[in-house]
Amino acid sequence: MDTARLSRFVSGLWDDEIVPQLVEYIRIPNKSPMFDKDWVAHGYMDAAVKLMETWARSKLSQLPGATLEVVRLEGRTPLIYIEVPGQGDDTVMLYGHLDKQPEMTGWAEGLGPWTPVLKGDKLYGRGGADDGYAIFGSLAALLALHEQGIPHARCVVMIEACEESGSYDLPYYVDHLAERIGSPSLVVCLDSGCGNYDQLWLTTSLRGMTGGNLTVQVLEEGVHSGDASGVVPSSFRILRELLSRLEDPATGTIKPKELYVEIPQQRIDQARLSAEVLGDDIYSKFPWAEGMQPVTKDLAELVLNRTWRPQLAVTGVGGIPPLESAGNVLRPFTSVKLSLRVPPTLSGAKAGEFVKQLLEKDPPYGAKVSFTLEKDGSGWNAPALSPWLEKAVADASQNYFGAPATYMGEGGSIPFMGMLGEKFPKAQFLITGVLGPHSNAHGPNEFLHIPTGKKVSMVVAEVVARHFGQAGKA
C-alpha cells in the first residue's frame, strides 16, 4: 500500500465531495424519533437518507459489484444497507447512523444546529460528527483501496436512523438481514470519540444507560403558596428527597452498590495511561463557568468516572413555569427527565428496573410518585485485540497521525455495539471517532474536525486492507 497516495486520495475526496455533502446534511433537521414523534410526516429523515443514498450510488461504479438498498420495515425508521464484494470468505461490517439529537440552546452567534458553518478546519452544525460522516468515511476508505487495487474482504455498510433514540429498530433490521450480513470477523464503528486530535483513539468500552421521567404529584391543581406552604409538602422537595436515594447530593456519587461493577485491571491501567497522555485536557475541554472545577483533580479517577462508573444527569424539567410567569403558587407536581449512565458490563434493563423500584417505593407523605422508563441499553466492553489488529492500529496511527494509538473507554452509549458483541462474540472491533475536545456532540456549537475525519477514514482503509488474509483474526 502506498500510504501517501492513499492520503492524497482520501483528503481530496473529503475536500471535493464529502464536506459539501455534509454541509447539506447539516441543514436537514432530521431529529431522532424520540425527539420528533411526527418524523414520518415531517419527511426530514427521508431527506437525509436520500442525500446519503444519492451520493453513495454515485460511487458504486468505482466499487465493482456493489449494491445499495434502503431497507424499510413497516413502522420503523429506514436503514441504508450497502454490500461491497471482496475476496475470501470473511466479512467486515462498517456501522454508522444518520439521525440527530435535538437543537439545544446556547449556540454562539452565527452558529446553529441546522446552519452549517465552515471555520478553518471545523464544520459546525448538528450531526456532522455524530454521525453523519460515517457513511462517507466508510466508503472513502473502500474507494481508496480500490483506487490502488488493494484486496479486501467482503464489506457491508449499515447506516441506521434511530441510534440517538436507543437503536430500538436496529435489532429488527439485523435479524431481517441476517443471511445477507453473514458473520463479520471485523466490525468498524465510527460513532465514538477521541481524547485529542493528535493520534488515533480506540474505544475499549462504552457505558450503558437507562432513564425516564420521574413525576411527583401532591395536588390536583396549584394553590396559593401562602395558604398551602407548611401544610402541603412541596413536590419539588419530595423529588429532591427521592433523587437523594439514588445520588449523593454533596458529591454526585451514585449510592446503590447494585449499580456498580468491578472494573477490570486492564481498563484501570488504560485509564491511567490516558490520563498521562491528556493531562488537564481531560477536564479543560469543557466550557466551564468561571470559577468552576472538576469533581476531583485525580485525572485517572476522572477517566474512570466517565467510563466505568454510574453517573446521573437531570436533562429536563416539567411542571415548573418559566421565571417570568412564575406566580406565588404551590405547584401540583414536578417532573424531571433522568439520564443514568451505567457501567459497560451492567445490564441497562436491570438497572432501569432497579431504579424504578428505588424511586417509587415508600413515597414520602403518600405522594403520587411514578418513574416511567423511556430507554435502556446495555454497555459494551471490547474483547482483547488480536495481534494483527493491534499492530495494524499501531501502524495506521503512526502512518496518518504521526503518533501512537491510545486506548480509552467512552462515557457515551452505542447500543449497537452491545448487541453485536452478543451476536458475533468472535468478532474483532475497531471503534473510533472524531468527537474530540470542544466538539460538543448533543450540545451547542457541535463541530466536525475535518482533518481528523480524513485521518480516521485513512486508518479504516489500512485496517480493512490488513484484515484481508489474516489467519486467526477472529
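Start by selecting helices α4 and α15, whose crossing is right-handed. Keep in mind as you look around that this is a predicted model. Helix α4 spans residues 128–148 and helix α15 spans residues 450–467; their axes come within 8 Å and cross at roughly 50°. An angle between 35 and 65 degrees counts as oblique, and α4 and α15 are therefore oblique to each other.

Next, show the side chains at this crossing. From α4, pick Y133, G137, A140, A141, L142 and L145; their partners on α15 are V456, S457, V460, A461, V464 and A465. By type, the contact divides into 10 nonpolar residues, 2 polar and no charged.

Stay on α4 and find D131, which lies in this helix. The peptide bond leading from D130 into D131 is cis, with omega near 15°. Most peptide bonds are trans.

Now step into the largest nonpolar core, a set of 75 residues. Select W14, L22, I80, I82, L98, I135 and V460 to see the residues with the most contacts inside this core. Helix α4 gives the most to the core, with 12 residues. For a closer look, centre on L98: beyond its neighbours within four places in sequence, L98 touches residues including Y25, M45, M52, I80 and I159. A second, separate core holds 27 residues, among them Y173, V174, I181 and W380.

Finish at the loop between β17 (428–435) and β18 (447–449), where you will find H438. Phi of H438 is positive, near 70°, and this residue is partly exposed at 48% relative accessible area. N440 sits in the loop between β17 and β18 too, with a positive phi near 55° and 30% relative accessibility, so N440 counts as partly exposed.

Methods: Residues numbered from 1 in each chain as written. Predicted model: local features only at pLDDT ≥ 70, side-chain atom pairs only at ≥ 80, totals over all residues. Heavy atoms only, no water. Axes fitted to C-alpha atoms, helices over the stretch in contact; angles between N-to-C directions. Helix = DSSP H or I, 4+ residues; strand = E, 2+ residues; numbered from the N terminus. Parallel < 35°, antiparallel > 145°, perpendicular 65-115°, else oblique. Left-handed = near helix turned anticlockwise from the far one by under 90°. Contact = heavy atoms within 4.5 Å. Nonpolar A, V, L, I, M, F, W, Y, C, P; charged D, E, K, R; others polar. Core = buried A, V, L, I, M, F, W, Y, C linked by side-chain atoms within 4.5 Å. Buried < 20%, exposed > 50% of the residue type's maximum accessible area, 1.4 Å probe, protein only.
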